[in-house]
Amino acid sequence: MAQLAPFSAASHVYEEVLDNGLRVLIQEVHTAPLASVWCWYRVGSKDETPGQTGVSHWVEHMNFKGTTNIPRDKVKGIIEQFGGYWNGYTWIDQTTYTETATRDALDRMLFIEAERMVNCLYDPADCESERTVIIAELQGGENDPDTRIEQDLTAAAFSMHPYRHPTIGWLADLKGMSRDDLYRHYRRFYVPNNATLVIVGDVDTADAMRRVASHFGRIRPGDVVRRPQVIEPQQLGERRLMLPRDGATAFLKLGYRAPAVNEPDFFPMLVLDAVLTGAKGLNLWASFQTPPSQRSSRLYRTVVNERLASSILGALVPTAEPFLYTISVTATEGTPLVQVEEAVLAEIDRVRSDGVTEAELARAARQLRARLVFENDSITNIGHQLGYFETVANWQLTETLAGQIDAVTREQVGAAAAARLTQNNRTVAWLEPSIEGGSRPAAASQR
Amino acid sequence: MTTARHAGLAPARAVLGNGAVVIAKESKTTPAVTVYASLRAGTIYDPLHLPGLSNFVARTIDRGTETRSADRIGDELDTRGVSLSVTVDRHALALVCTCLAEDFAPTLDLLADIVRHPVFPDNEVETRRGEILTLLRQDEDDPAERASEGVLRDLYGGDHAYGRPPRGSAESVERVDRHALRRHHAERVSPGSLSLVIVGDVEPARATAAAASAFGDWTGATPATVEVPEVASASSRRVRVIPMMNKAQADIAYGFISVRRADPDYDAYRVMNNILGQYAIGGRLGDSIRERQGMAYYVFSALDANVIPGPLTIRAGVSPADVDRAVASIDEELKKLAADGPTESEMIESTQYLIGSMPRALETNLGISAFLQAEEYFGLGLDYDLRVPGLLRAVTRDAVASAARQLLVASRATVVVAGPYAGEMR
């Protein structure tokens, strides 16, 4: 089989750190007359305290509500008039904002991000209006069974670490937070020395850098007071959740404590996931829009081809601190969850004891490297990867992804499976129409 | 500094001897190729007694051919990291995948084998039947799905090709067997119904030659066209509530029957839809319902002008306590746009946006492929991407106002609410 041509999101990246601490990454890509800007902040739901859950995400919403120099009524259309798109998202480690538009809009995009960093308004009426928008967002998530099981499983899997609470926040906190809580959070974390600015596209690096200095150079750095490091205690036993629901479909989710992106067994776990459920890639912005190639994966064959489940999905996402490797299964109608769980755990026991084959290793590596190519098909996606990795680790990691995947050995995958996929290290959640009728996991709980 | 697309997409188009259309466009953004095969075998071709048949074909066509087992197909796809997506909409069955450029030839051969020689093995049919039934159960439990399917059914009628649920019902899915799948494939999937678009890191001549090699010796009569009857717009307001009291949020689907894609006023309707429920965060609807009143996380409108007049639907997810207020706000925004038309600045902004967003829409192989398929399906011409700016600039404020007056009549709207709503909306 031919060797893949080297391909990296990070080819020819220019890096500079301004005096105020803002890290700037620029990559010229001249395939379309477009430019993409991403501005990343090292603040996510892991930086929140009890009573203030959801504040990072709410702040993200407020940062689209006008600034000192962008009046509220001028926000609408500020990028769209350049044919552009802008958005933002918040997750456990990060909050980020993006614009992609014609290259002529580069200065406008940088202006918006500089304004967002220091001059957002936080009008009290807008804060109140957005409270109900976010509660509507939360309620929309509650309509989705997978969101509910994910939220409850994550809360059960961690006892101390703030990764345990949902990024959107708990409802009581959303009802109780004030405008001042939001503004304080904004001022604390939105400083240049806590940010990474990424520019990718049909730009000239020197020209772009001059514009960056003009817009951001005079912003003063701040003192980001971080929470004390929280080390989650080792999990000493399996945790189980039984969540009743009124719908007709049953869901199973397993969550294993997983390595952070900079731990040695992260890439062996990534290959292991590809063997078990198919390769997903590493782009939180793009990968999950394309289903994995998974028909030959072990768990797909075990539960989907055997008609126990209609779908299975594994998820291992690069994170700054140890998070979860999850396996999500939708049971076929009428199949007891105990049967689904037994089948999944039997396969997991097999990979823990026997490891993976050379053929599986080679296929997983090739799948993952193909996904790396596919997920870098636009300047928006390339910009996301540079900023994402800089926020959870360092952007240079994007240059080594293919090499790190290739370097994974069978022994490392087997060792990762044996160490991570243990009964003591997992949380199991069932979401099913009814837990009556003797379908409790008696057999499975013996593992 | 070099930039792309000064001369437009300018794809290469060829018609094979058997009637199959092949469109190729080279793009070197990544060392990858997207192959998009579209066949005129969508849900409008479902027999009346067997709704959901074409969806069942989509879920089983890639599960075994005369020479490849389902496992072997899975191995060949997975070994190359290829994710094959098979979907069906009203008019077309689509098989789409992206592969590395070096895997283009074997991937195209595999795709051709799947399109031409599926055998629908009994065991695979049974496995996928279970998956479809589970999905139907999930749909029943999803307010968004219930509302959006409900409004189409009320607009077009449950027996109409645009009104029936694409997945059929549990009862009809239970009745589908291998023979029905094979018959549907034999009747609808043929070279004359194929449009194959290839975009990526492969020269057009090579792509076309590979397509000719994979599909050129395929024989079969072009299927007869099926006429889809047009449906008249409602003459009065219709409201239906689907109570789902165990849910947290209510979903609103509010619709009209709009225009055909070939309508001379299509671009005016497109601009009108952008102003109403697309521009920035949901156009005028987003301004009112999300930004000013804080009632919804999402609200937007979507125009689906099609072979016959398709739906324009407005969608919103709101707290149960806000359902009446949200629907009243939609009514109000429609009335204002229909009465006063758009402002001059709205015309400029939406037109600039629709023109300016084209390079973004045409940045990826998949984006280009989807655009070229629509171009082919609706007969828009290979230079359509170059003509779009002129078409949009020619739309006048009066034309948009007229479109709004024609369509956005709240007293003739069809409204479906699904969720924990116990009110008595009118």
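# Exercises on a predicted two-chain model

In chain A, strand E8 and strand E10 (residues 324–331) pair in the antiparallel sense over seven bridges, where strands (E, at least two residues) and helices (H or I, at least four) are DSSP runs numbered from the N terminus, and two strands pair if DSSP finds at least two bridges between them. This is a predicted model, in which local features need pLDDT of at least 70 and side-chain atom pairs count only at pLDDT 80 or more, while totals for chains, interfaces and linings use all residues. Residues are numbered from 1 along each chain as its sequence is written, and chains are lettered from A and ligands numbered from 1 in the order in which they are written.

## Exercise 1

## Exercise 2

Solution: a residue is buried if 20 or more other C-beta atoms, placed from the backbone, lie within 10 Å of its own, exposed if 12 or fewer do, and partly exposed in between. For chain A as a whole, buried residues make up 54% of the 447 residues.

## Exercise 3

Task: describe where chain A touches chain B, and state which element supplies the largest share of that side of chain A.

Solution: counting residues as in contact if their C-beta atoms, placed from the backbone, lie within 7 Å, the contact takes 59 residues from chain A and 58 residues from chain B. On the chain A side, strand E5 (95–102), helix H3 (124–142) and helix H11 (358–374) each supply at least two residues, and the largest share, nine residues, comes from H3(A).

## Exercise 4

Task: report the scores of the model and the confidence of chain B.

Solution: the model scores ipTM 0.93 and pTM 0.94. Chain B averages a pLDDT (the predictor's confidence in each residue, from 0 to 100) of 95, and 99% of its residues score at least 70. Over residues 1–5 of chain B, however, the pLDDT is below 50.

Key
Contact = placed C-beta atoms within 7 Å.
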